Amino acid sequence: MNTLTILALSWQHVLIVAILLVLLFGGKKIPELMRGVGSGIKEFKDAVKEEDKPGSENKTSSNPNNNSSSN
């Protein structure tokens, strides 16, 4: 059995899911949810871009050979 045919959604499936979302959350709550999802995705993308920049290494300690035990 082809995996892609199992995951494929027709317009009827999308319509049923949309109706269920409206029934569960209400018409006023859905834009707030989507706004939250969008801002979360934007924050994730910004964090990935920050991590990819050269010179943005994680510098938690100024001494890399820092030993917590003393003699």
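Colleague: Why does Ile41 count as partly exposed?

Modeller: The relative accessibility of Ile41 is 45%, and partly exposed lies between buried (under 20% relative accessible area) and exposed (over 50%), with a 1.4 Å probe and protein chains only. Ile41 therefore counts as partly exposed. The model is predicted: local features need pLDDT of at least 70, side-chain atom pairs count only at pLDDT 80 or more, and totals for chains, interfaces and linings use all residues. Residues are numbered from 1 along each chain as its sequence is written, and side-chain values use heavy atoms, with hydrogens and water left out.

Colleague: What makes the contact of Lys29 and Glu32 a salt bridge?

Modeller: A salt bridge requires a side-chain nitrogen of Lys or Arg within 4 Å of a carboxyl oxygen of Asp or Glu. The N to O distance between the side chains of Lys29 and Glu32 is 3.5 Å, so the pair meets the definition. The structure holds one salt bridge.

Colleague: Why are Lys29 and Glu32 separated by about one helical turn?

Modeller: Because they are three residues apart in helix H3; a helix here is a DSSP run of H or I with at least four residues, numbered from the N terminus. Lys29 is partly exposed at 41% relative accessible area, and Glu32 is partly exposed at 44%.

Colleague: How do you know that the reach of helix H2 is close to the expected one?

Modeller: The expected span is 1.5 Å times one less than the number of residues. H2 (residues 11–25) has 15 residues, and its 21 Å from first C-alpha to last is close to the 21 Å expected. Gly26 follows H2, with a positive phi near 85 degrees.

Key: Helices (H or I, at least four residues) and strands (E, at least two) are DSSP runs, numbered from the N terminus.
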